[in-house]
Structures are given as structure tokens and as C-alpha cells.
Amino acid sequence: MRLSGKARVAGVMGWPVGHSRSPRLHGYWLREYGIDGAYVPFPVAPGTVEPALRGLAALGIRGTNVTLPHKQAVMAAVDEVEPMARRIGAVNTVVVREDGSLHGSNTDAFGFLAALEQDAPGWRADAGPAVVLGAGGAARAVVAALLDAGAPAVRLLNRTGDRAMALAADMDDARLEVGDWAARSATLGGAGLLVNTTSLGMDGQPPLDIALDDLPREAVVNDIVYVPLETPLLAAARARGNRGVDGLSMLLHQARPGFEAWFGTAPTVTEAQRADVLSDKRD
Ligand code: ATR
């Protein structure tokens, strides 16, 4: 697409940044909506995220996504951090405001809930307990989203129990219960949602070893791993009649708020966009 002198520009800062799917998925929306704009990868070396961010306003750039290893460092470098990002402990989206100041947010919690809304219509956070496996950055976003959305209880299990305890201490919410990783299969009784935020099931990693027998059939299973798209966990869940939500959906939906802020159009996640992102083999 031809860019005019008024083209809006945004991008993603990371190191390395070549693996990021964001240019592809934002590029798809830019073409779909015929927007005079560009979304580009910014290779930003560790320790240089602050000057990189300060340069955005000077260049007239609208904002940026932030990925590894900068998600924490960026919190100290922006002028305002929205409460959800502070709770999660990471910023993934920066918007340059009219006055040049930088606003940081985290769109992972939004993306997680929006993916469930689109791919598992009728699922409600307040309808039953959720089980969350893992205690990394993704788990923080998922737990915060579920608590905000009114989950009556969230059972958090992680191989390294101390990390789950630290996450629970940060969230400081009585509905969050830390359980024993070894007892993960038995924790599924009565749950309305199971979320895998660990790397288990990802290509090159062992599968997640869990027995789904106790999981109610009405429960939704959400795996945030997206390579492969159909993880062994999702396949097993679907085979016994549970609805499944894959990790690509969260990736696409978490991009929506940034796109709207930078380019002025609220985008929709579609099957065609999913196919386009999947056809981009860069792993
Ligand atoms: P992210 O920020 O993307 O969520 P992370 O911080 O690297 O990633 O977290 C990876 C998660 O996968 C952690 O919960 C990790 O468990 P530990 O905290 O015990 O390391 C989990 N994980 C990775 N490999 C695992 C394995 N073989 N068995 C169980 N959990 C595993």
C-alpha cells in the first residue's frame, strides 16, 4: 500500500523482534481497512528501550507494542501506567498522546477474555471456578482478567509452587487459591474453565500431562500455546466434548486496543486473518 505524507506509523519493540507475529497481523488489518499507515518491527537492544520510546514522539510515531525482553523495563519508562498493567507487572502497548507523553497498558487480559467471548459464546467468568496452570507473565494477565470478570474462584497451580504463591500475594484476592501441581487432575472437579499458560504442549516441549476425567463437559479449555494451534490438551478436550479456545485467538484479540488507538479503526478478528497469520511461517 502506498503511504502518504500523513501515514500513521506504529510498531513492535523487541530483541530479537524478527519472530514477532505482530507486523503480520496488524499489516493484515491495515490492508483490510485500507488505512494509510504502517506497522513495523523495531529491533531495540536490551537496556535501550527508554531512548527508543522517547524517540517515538519526535518521529511522529503513534505508539508501539513491546515484547521480550522489555515488558517490565517499559513500565518505568512511560509517563503513565494503567492500573491493569501495573497489576500484571508488564506493559505491552504504548500510545503516544497528543502532548507527546507516553501511556502504557497491558492488553493481554482484554485479549484473553475477548478470545473466550468470540470462540466460546455464552461462557461466563462468574458461572464457576477457573483452573489456571502456570505462574509466568501470561498467567498474571489471565488471573487478573478472571478476577476482574467476576470469577467466584481461581485455582492456580504451578510446578514451582513459590512462583504461584508470589503471584497470589501480588493479586491479594481471597478468591485466588494456590493448589498443588501434583494434584492438577483432581483440581478440575466443578471447574467452568481450564487455562494452560505453561509452555507444555508447545512444539519442542513435552505435552501437558493431565487427566481431564473430572472436568465437567460444559467447561471451556483454553490453551494459550499456539504453536501448534491444536495442542494435545485441546485435542483431548475436544474429543471428550469440551469447547476449546486456542492461543492464536488471544494473540489476535490482544492486538485490537493498540490498533484502534494508533490507526483510529476498531478491528475485527476473522477466520481470514487467522489463516493469514498462520500462513506466515517464521518459527
Ligand atoms: P510466560 O511469561 O510466557 O508465561 P514463563 O514465565 O517462562 O512464561 O513461564 C512458563 C510457565 O511454564 C511457568 O509457569 C513454568 O513453570 P515454573 O514456574 O515451574 O518454571 C511452566 N513450565 C515450563 N516448563 C514446564 C514443565 N516441564 N513442567 C511444568 N511447568 C512448566
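Reply:
**Where two helices cross**

The axes of helix H5 (residues 108-119) and helix H9 (residues 247-254) come within 7 Å, and they cross at roughly 120°. Keep in mind that this is a predicted model. Angles of 65 to 115 degrees count as roughly perpendicular, and those over 145 as roughly antiparallel. H5 and H9 are therefore oblique to each other. Their crossing is right-handed.

Now look at the residues in the contact. From H5 come Asp 108, Phe 110, Gly 111, Phe 112, Ala 114, Ala 115, Gln 118 and Asp 119. They meet Ser 249, Met 250, His 253 and Gln 254 in H9. The residues of this contact divide into five nonpolar, five polar and two charged.

Thr 107 is in the loop between strand S6 (102-105) and H5. Is Thr 107 buried or exposed? At 5% relative accessibility, Thr 107 counts as buried, because buried means under 20%. Leave aside its neighbours within four places in sequence. Thr 107 is then in contact with Asn 92, Thr 93, Gln 254 and Pro 257. Gln 254 also belongs to the H9 side of the contact with H5.

H10 covers residues 256-263. Here the topic is aromatic rings. Rings pair if their centres lie within 6.5 Å. By this rule the count comes to five aromatic pairs. In one of them, the rings of Trp 29 and Phe 259 have their centres 5.2 Å apart and their planes at 65°. Planes over 60 degrees apart count as edge-to-face, so this pair is edge-to-face. Trp 29 lies in helix H1 (residues 22-32) and Phe 259 in H10, so the pair ties together parts that are 230 residues apart in sequence. Both Trp 29 and Phe 259 are buried.

Phe 259 has a second ring partner, Phe 263. Their centres are 4.9 Å apart, with 50° between the planes, and the pair is tilted. Phe 259 and Phe 263 are four residues apart in H10, so about one helical turn separates them. Phe 259 counts as buried because its relative accessibility is 0%. Phe 263 has 4% relative accessibility, so Phe 263 counts as buried too.

Trp 29, Tyr 33, Tyr 39, Phe 259, Trp 262 and Phe 263 form one aromatic cluster.

Definitions and conventions: Residues are numbered from 1 along each chain as its sequence is written. This is a predicted model: local features need pLDDT of at least 70, side-chain atom pairs count only at pLDDT 80 or more; totals for chains, interfaces and linings use all residues. Side-chain values use heavy atoms; hydrogens and water are left out. Rings of Phe, Tyr and Trp (its six-membered ring) pair if their centres lie within 6.5 Å; planes under 30 degrees apart count as stacked, over 60 as edge-to-face and the rest as tilted. Buried means under 20% relative accessible area, exposed over 50%, partly exposed in between (1.4 Å probe, protein chains only). Axes are lines fitted to C-alpha atoms, for helices over the stretch in contact, and angles run from 0 to 180 degrees between N-to-C directions. Angles under 35 degrees count as roughly parallel, over 145 as roughly antiparallel, 65 to 115 as roughly perpendicular and the rest as oblique. A crossing is left-handed if the near helix is turned anticlockwise from the far one by less than a right angle, and right-handed if clockwise. Contact means heavy atoms within 4.5 Å. Ala, Val, Leu, Ile, Met, Phe, Trp, Tyr, Cys and Pro count as nonpolar, Asp, Glu, Lys and Arg as charged, and the others, Gly among them, as polar.
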